[in-house]
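Please read the following report on a protein complex alongside its sequence and structure.

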Amino acid sequence: MSVMAAITLWLAVSGQLVLYIHPRYVVFTVIMSIIAVIAAIAAVSSPRHHDDEGLPLPPRRSRAVGIAAAGLAGAFALGMVVIPPATLSTATAQQREINATASDDAETLAAASVADAATVATFTVREWSTVLRQTSDLAFFDGKPATDLLGFVTADAEDPDSIFYISRFAVTCCAVDAQPLGVPVYLPGWAELYPPDTWVQVSGPFESNPSRSSTKPVVLIPDRVEAVDQPREPYLF
Amino acid sequence: MTTSDRTPRAASRPGESGDGQHAGHDHAGHDHAGHDHDAVPVRRRARGVHVAWAVGATVVLAGLVAVRAITAEQLDPSIPNPIQDLLTLSTSVIIESLPFIMLGIALSVLVQVWIPESWLLRILPRNPWGRRAVISLFGMFLPVCECGNVPLARGLVRRGFTVSESMTFLIAAPILNPVTIITTHQAFGFDDGILVARLLGGFAIANILGWLFSKHPEPMSLLSGRFAEECRIDDGHGHGRDRRQQTLDLFVRESSILMPALVIGSLIAGAIQVIVPRDVLVALGSDPLFSVLAMMILAFIISVCSNVDAFFILPFASTFLPGSIVAFLVFGPIVDIKMLALMRTTYSTRTLVQLTTVVALLSLALGLVVNYLA
């Protein structure tokens with residue numbers, strides 16, 4: 001436990017705790033981890049009293065289960081020490097189906113329809129996916145291009161050759177509840193240039209979908225695609 | 001106690017200025033030369049050993065963190081995506097639960113060691129229904145989510161509460177607590193009666209379940225064998241030692257029992273999430289009966305804490321009927337993969353099967369009622 005707590009602290013110091021949990025829980029997690037580390041050191045360094053000395057040994061089977069469980073926990077703690085922390089990948093994005101839970105919040109749409117150019121330029125994958133879910137009216141997208149939209153590349157299920165999603169995970173609590181959101185981008189042969197899981201920035205207007213095999217009415221036609229490093233906060237909070 | 005405690009500490013002060021390991025040896029050498037009184041040198045040597053242990057533990061932890069920092073820079077693992085995601089998801093469940101478990105252990109120690117017994121028992125009504133009703137409101141003062149409640153419930157049983165009362169607490173507290181109420185209200189407001197149904201439903205299920213299990217002729221047999229043994233031995237023992245010692249012992253025991261359970265629960269929950277496609281569940285969204293079942297299954301595998309699950313489920317609210325959301329919000333905090341692994345440390349498998357069945361049926365009924373009313 002104290003190993004896990006110590007690793008948690010390291011994650012916090014190196015700013016990678018947000019790979020796992022929402023920033024609003026960071027302070028609480030750090031405080032409790034500090035307590036855990038202190039308590040563990042105090043416990044190791046004080047004389048031990050074994051309360052269970054009087055206990056008869058449990059039957060062999062349950063003892064074996066207990067040892068196996070402790071071994072697994074130890075191995076996992078070791079894994080936390082050795083394996084570098086990582087963000088969720090396209091495997092989870094596809095398994096959870098992109099935009100399955102995209103919001104159809106009408107207020108966002110209304111705000112977007114009157115937003116000025118500067119505001120539209122700040123839209124993330126979250127805003128665009130909300131808008132795209134609710135309207136396919138090309139007039140709406142007229143003069144509202146995406147600017148430096150950041151996300152990782154995930155293949156589209158319907159037309160994997162010419163459409164990819166520029167996607168992000170939206171996190172409300174921790175990585176467990178990460179919901180993939182994405183904006184479809186039309187770029188035939190994209191996979192050669194930007195393999196899945198690459199982080200990219202895309203700019204360009206929204207137009208009607210030229211692809212025959214895809215049912216999406218509106219896609220992003222990129223003017224400019226640029227491979228970038230994974231941001232420090234890969235999730236949208 | 002205090003005086004004999006103080007003497008060696010004062011005496012050992014000069015040696016402690018150097019590093020801990022060294023100080024330890026120094027003392028051991030010194031002790032043989034001087035005093036003929038037996039207790040003092042032994043104590044002092046023991047203290048030196050403790051300092052060495054503390055320094056050793058700190059060094060080991062610092063070393064692990066250093067290894068961690070180096071491997072993050074150097075190692076470029078080519079782990080396949082699904083396995084990497086499994087690790088990320090499991091780690092995320094653990095990191096999310098760890099602080100709550102720590103808080104739960106701290107409160108459990110507080111209840112067991114630092115609060116006088118009479119104080120707790122005095123505020124409770126004598127009649128069993130009233131007792132359980134009050135116990136199910138304990139959560140209002142102990143804002144821990146469900147994983148933190150397991151050590152707390154264990155503490156209550158050790159403190160002389162009956163098994164059925166501990167269960168009432170375990171089920172009600174994650175739902176009837178200020179943090180959960182606030183987050184649920186933030187997420188849903190009073191729409192569709194989701195908040196009200198969650199609170200009343202949680203309260204009712206906890207009390208019904210407590211009543212059912214209080215009918216059991218032999219309550220101790222509901223507990224897991226090992227925990228029942230511990231309770232028997234605890235009785236009338238352990239009061240002689242000083243409280244700091246008891247606190248540390250409890251901390252070690254609880255964390256070494258709960259952590260393996262947490263790791264196993266998280267790994268299974270992570271694995272199922274990587275394997276089972278989400279759209280299978282979402283496809284069932286609008287059917288009054290199947291939507292409730294689908295949400296209960298989702299709650300079961302997702303294993304998020306009750307303090308935050310309202311935010312998790314909010315994006316689903318547009319596709320799912322309100323009754324299924326309520327079922328998710330009531331069933332999830334009581335029974336899920338992570339919780340079953342944690343509760344298994346305390347209750348027997350048989351008990352957990354019964355508990356899961358009853359809670360599942362009641363949540364299902366609650367969900368259906370809300371679906372047809374709303």
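A:Asp148 is exposed, because 12 other C-beta atoms lie within 10 Å of its own. A:Asp148 belongs to strand S1 (residues 146-155) of chain A. Although A:Asp148 is not a glycine, its phi is positive, at about 45°.

A:Asp197 also has a positive phi, of about 80°, and is not a glycine. A:Asp197 sits in the loop between helix H9 (190-193) and strand S4 (199-204) of chain A. A:Asp197 counts as partly exposed because it has 15 C-beta neighbours inside 10 Å.

## Basis of the model

This is a predicted model, in which local features need pLDDT of at least 70 and side-chain atom pairs count only at pLDDT 80 or more, while totals for chains, interfaces and linings use all residues. Residues are numbered from 1 along each chain as its sequence is written, and chains are lettered from A and ligands numbered from 1 in the order in which they are written.

The predictor's confidence in each residue is pLDDT, which runs from 0 to 100. Chain B has a mean pLDDT of 73, and 72% of its residues reach 70 or more. Over residues 1-37 of chain B, pLDDT stays under 50. For the complex, the predictor gives an ipTM of 0.75 and a pTM of 0.68.

## The two chains

Chain A has nine helices and seven strands; chain B has 18 helices and zero strands. These elements are DSSP runs numbered from the N terminus: helices are H or I with at least four residues, and strands are E with at least two. Of the 237 residues in chain A, 41% are buried; of the 374 residues in chain B, 46% are buried.

Two residues are in contact if their C-beta atoms, placed from the backbone, lie within 7 Å. Among the contacts in chain A with a separation of 6 or more, 69% are between residues 24 or more positions apart. In chain B, 85% of the contacts between residues at least 6 apart in sequence join residues at least 24 apart.

## The largest nonpolar core

In soluble globular proteins, nonpolar side chains tend to be buried together. A nonpolar core is a set of buried Ala, Val, Leu, Ile, Met, Phe, Trp, Tyr and Cys residues joined through C-beta atoms within 7 Å. The largest one has 146 residues, among which B:Met295 and B:Phe328 touch the most other members. Helix H4 (residues 81-114) of chain B gives the most to this core, 15 residues.

Beyond four places in sequence, the contacts of B:Phe328 are B:Met295, B:Met296, B:Leu298, B:Ala299 and B:Ile313.

Buried residues in H18(B) include B:Leu355, B:Val359 and B:Leu366. Helices H10 (194-214), H14 (288-302) and H16 (322-334) of chain B are among the elements that cover the buried residues of H18(B).

B:Ser164 lies in helix H8 (residues 163-172) of chain B. B:Ser164 is buried because 22 other C-beta atoms lie within 10 Å. B:Ser164 and B:Gly210 are 46 residues apart along the chain, and their C-alpha atoms are separated by 4.8 Å.

Notes
Buried ≥ 20, exposed ≤ 12 C-beta atoms within 10 Å, placed from the backbone.
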